[in-house]
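Let's take a walk through this structure together, one piece at a time. Have a look at it first, and then we'll start with the strands.

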Amino acid sequence: MKKSHIFLAASIALLAACASAPVAPTNQVDMSKPPQLGPVAELNLPPVIQRELPNGLRLMIVEQHELPVADFILAVGSGGTVDPQGKAGTANLTALMLREGTTTRSSLDIADQIAFLGVNLGTGTTWDAATVSLHTPTAQLDSALALFADVALHPSFPDREFDRLKKNRQTEILQIRDRGPAIADQAFASIVFGTQYPYGNPLIGTQQSIENLKLADLQAFYRTQYRPNNTTLIVVGDVNTADMEQRLRNLFGGWERGEIPPVNFGQPAASGPTTVYLIDKPGAPQSSFRIGAIAVPRSTKDFFALTVLNTALGGSFSSRLNNTLREVRAFTYGARSGFDMRRMAGPFTASAEIVAAKSDSALTDFMHELRSVLDTIPSDELARAKRYTELRLPWSFETTQQIATAVNTVALYGLPTDYYNNYVRNIEAVTQADVQRVARQYIRPESLAIVIVGDRKTIEPGLRAINIAPIVIRDIGGQPIQ
Amino acid sequence: MVRYRVTKLCIAAILWYPSIARSQDIPRLNFEKYTLPNGLEVILHEDHSTPIVGVNIWYKVGSGDELPGRTGLAHLFEHLMFMGSQHVPQGVFDRLLESAGATNNASTSEDRTNYYENLPSNALALALWLDADRMGYLLPTMDLARVNIQRDVVKNERRQSVDNVPYGRADEIILAAMFPKNHPYSWPVIGSMVDLTAASLQDVQNFFRTYYAPNNASLAIAGDFDPADAKRLVSLYFGSIPRGPKLPPRPIVPTVTLAKDTFMVMEDKVQLPRVFYTWHGVKEFHSDEAALDLLANVLASDKNSRLYKRLVYDLQIAQSVRAFDGTNRLDGLFQLDVLPKPGQKPADLDKIVREEIDKVVAEGITPRELARVKNSFKSSFINRLASIGGFGGKADQLNHYNYAVGTPDYVQQDARRYDRVTLADVQRVAKQYLTQPKVVLTVVPEGQKDLMLTVDGASR
């Protein structure tokens, strides 16, 4: 990552366009073979300066001076998994409420400031964190940082705004019924994890859980979880580290420490034998496939082997799933797979939107690919997957926002500070045997949830005829039909 | 994998950025442009901050060049560009790039088709070789089997992005009502199922011979490369591709106006109705484009925008409201849509929509409103310089500006257009464009056609 102001250094001479071609064209070019490529250039990762404030707030600062902008992520280490039982959506609505009023700013004031300053100020949640993020031109740094800190530290939780957000959220949830892919995502999670486990409920909540939510639930969540000793503040951009550190000490130094209660996740649903869960979406021209099971947490020692495995199976354009289902069979616009790694074990999912009439053939293909990846992956295919995974790394360190996201991952999951420095080496070290071992450990064709949301009338007879697994009919929440 | 996109660069990205108290300049892009003897335009932009390079090619052909009965051909053709060429067997294009750590994609609009590769800096030669092979030598290995595969993939793309999406078919109904039959913008980029079925191998071959020539393309390279090396490689791989025949004239269309308001209804499998209002706007880089873009954001963007504040924030009778000024080379559309909350009637929302538009027309907007949307646009111009590759990165912008205004480095002038817009401009364009006849489409849940808006603004 170089730091020069290259745009401003552009010479006037270069701006005079339209020179003629500097080299005469040749008719002798040999197109028959791809060119030999030179060595891969080294990616110089920018240093991350770390500090800890007396109240426990961890600062991670990266200087990147390419453009006059800066990115901030305030990551509180408590997300959707901390939602109380029956109150799914608590963490998410709490985060949204931060922009709905502070002790000195109304909801409309905050929106006015964001637009007037020309900044992005977002709040949101994942399963593992609640975040306040800011992207600002450095010309507006003072005002933008003051707004950012105010939103994070002094929310006022106005009643009227809470009622508005609740109604908005309930309508949003109602509209999920319109979208087969969204129904499939939610039903898959509820079937795989069970609704007693946090990951089995939607991050945004359900009609029932949102109905149950009281403003006091959000205030309690905020008071308990939004504490400096549970938080990392990441800064990347055109800033001076010492100056930024001082600003952040001034803004966040008075934030009070708190006791963070341990999270009781409970147990997810036990996995059963492979079953097709068919959800009717009358008239749907495509069937939404979600196939998978509970897999691994982010802390798994098999991270690199699983990443390579997934690249080959469904994590790249030329992967087996996409190649078979799209490029050979043309049943879909794209097929993919992924290991969603969280603090606790998240799901492995293979997915695609399949033309209704080919739902049965596609399921046969899916199962074939999931079984065949348990065999040794040929060395050339494995090499391609490894190179695709490791050589794309620089593209994750181009913009301030990307760098902030990368640093956030390290902070959130407690990865070693040299994680990215060793990334290529760790991918390179993955062997054929490693990949086969993790494939057999985590992709178990005998124990998969196969969720298909589509036009039952069209697709059920074919799915029954191929007889891959028992078929049960579920409602759009993934639950048995009453 | 998205190999398809229609919207214009960047406008959708708004809602953000600044100027005011302390103004910040838009950085200038250094570049060098030259043309090969075969007509290929080449634009180079060095940025050595990260060891990556972006290759981006624009072919100056899009769905607007299609003939009736063959809608969707330009986009189907885009898919075929990945199916192999004389020296690149089927499937190898992606495998070679992925082995080198590169990603790639393409998109088709009404006016152009763009292709990109995002590469580690050492792999520039590979992308140029692959792009040259498909520019120069696509047809020797093209056959009906390849066409048939991508025909079905594209039909699935249409299902995934249009037919199986709530309100997804609204666009094509609106386009057909906004433009006369045979106008190049009267059909959607994705095309119709019937026309996709009809496309033949010969259509594909003719399309390639007509439009896919170096003299109808521009190649932008941005990132960490040595310019002398890049020029040598470009010349080596692209220099021997022969110039194509003279291109057919670009479609010339008269300015389209609607004689009167048109009200339509479409049933869909949705929970809630939604109303789409569409007016004729302006083509891209028209002198009123910036004011219309700002007007769209004054009307519907954040909580303080006129319609959002009334309908969603204060009255809470709408779930969402959006406004968008879409512009292309030949024409543009200004579109507004509102989605009522459960139990609310489109007619009640319509009343507010008309009130608020009338108010802007009669009274204009406030300086604060103008400052907010201008500042947000200004920041977006800075932000889009953060990335060299992909859709909307610097290589793509250089090609876009080069095609649209003939100057790759137009970003500063482009930003200045927005800076110059006055309060009076916004009021004037509101009056000039939003009081003209419009198309109003009400999408309703099946069996609820009575929710349709009609000429008097009330439900039927």
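Two strands count as paired if DSSP finds at least two bridges between them. The strands themselves, like the helices, are DSSP runs numbered from the N terminus, with at least two residues (E) for a strand and at least four (H or I) for a helix. A bit of housekeeping: this is a predicted model, where local features need pLDDT of at least 70 and side-chain atom pairs count only at pLDDT 80 or more, while totals for chains, interfaces and linings use all residues. Residues are numbered from 1 along each chain as its sequence is written, chains are lettered from A and ligands numbered from 1 in the order in which they are written, and side-chain values use heavy atoms, with hydrogens and water left out.

Now to chain A, where six strands make an open sheet in the order S2-S3-S7-S4-S6-S5, with mixed pairing. Strands S2 (49-52) and S5 (120-125) sit at the edges, each pairing on one side only. From one strand to the next, the twist averages 15 degrees. Inside this sheet, S4 (residues 69-76) and S6 (residues 130-137) of chain A run antiparallel and are joined by eight bridges. To find your place along them, look for A:Phe72, which stands opposite A:Leu134 in S6(A).

Helix H4 (residues 141-153) of chain A lies across S4, S5, S6 and S7 (231-237) of chain A, and runs at about 170 degrees to S6(A). Angles here run from 0 to 180 degrees between N-to-C directions, and axes are lines fitted to C-alpha atoms, for helices over the stretch in contact.

Over in chain B, start with strand S6 (residues 113-120), which is mostly covered: eight of its eight residues are buried. Buried means under 20% relative accessible area, exposed means over 50%, and partly exposed is in between (1.4 Å probe, protein chains only). S6(B) pairs with strand S4 (residues 52-59) of chain B in the antiparallel sense over eight bridges, and B:Trp58 stands opposite B:Asn114 there. S6(B) also pairs antiparallel with strand S5 (residues 103-108) of chain B, over six bridges. S5(B) and S6(B) form a hairpin with four residues between them.

How do helices of chains A and B meet? Helix H3 (residues 107-117) of chain A packs against helix H12 (residues 367-383) of chain B at an angle of about 55 degrees, with the axes 6 Å apart. The two are therefore oblique to each other; angles under 35 degrees count as roughly parallel, over 145 as roughly antiparallel, 65 to 115 as roughly perpendicular and the rest as oblique.

A:Glu381 and A:Arg320 meet in one at 2.7 Å, N to O. A:Glu381 lies in helix H13 (residues 379-391) and A:Arg320 in helix H11 (residues 320-328) of chain A, so the pair ties together parts that are 61 residues apart in sequence. Both residues are buried.

In chain B, B:Arg232 and B:Asp229 form another salt bridge, with their closest N and O atoms 2.9 Å apart. Both lie in helix H8 (residues 227-238) of chain B, three residues apart, about one turn of the helix. B:Arg232 is partly exposed at 42% relative accessible area, and B:Asp229 is partly exposed at 32%.

How values were computed. Salt bridge = Lys/Arg side-chain N within 4 Å of Asp/Glu carboxyl O. Contact = heavy atoms within 4.5 Å.
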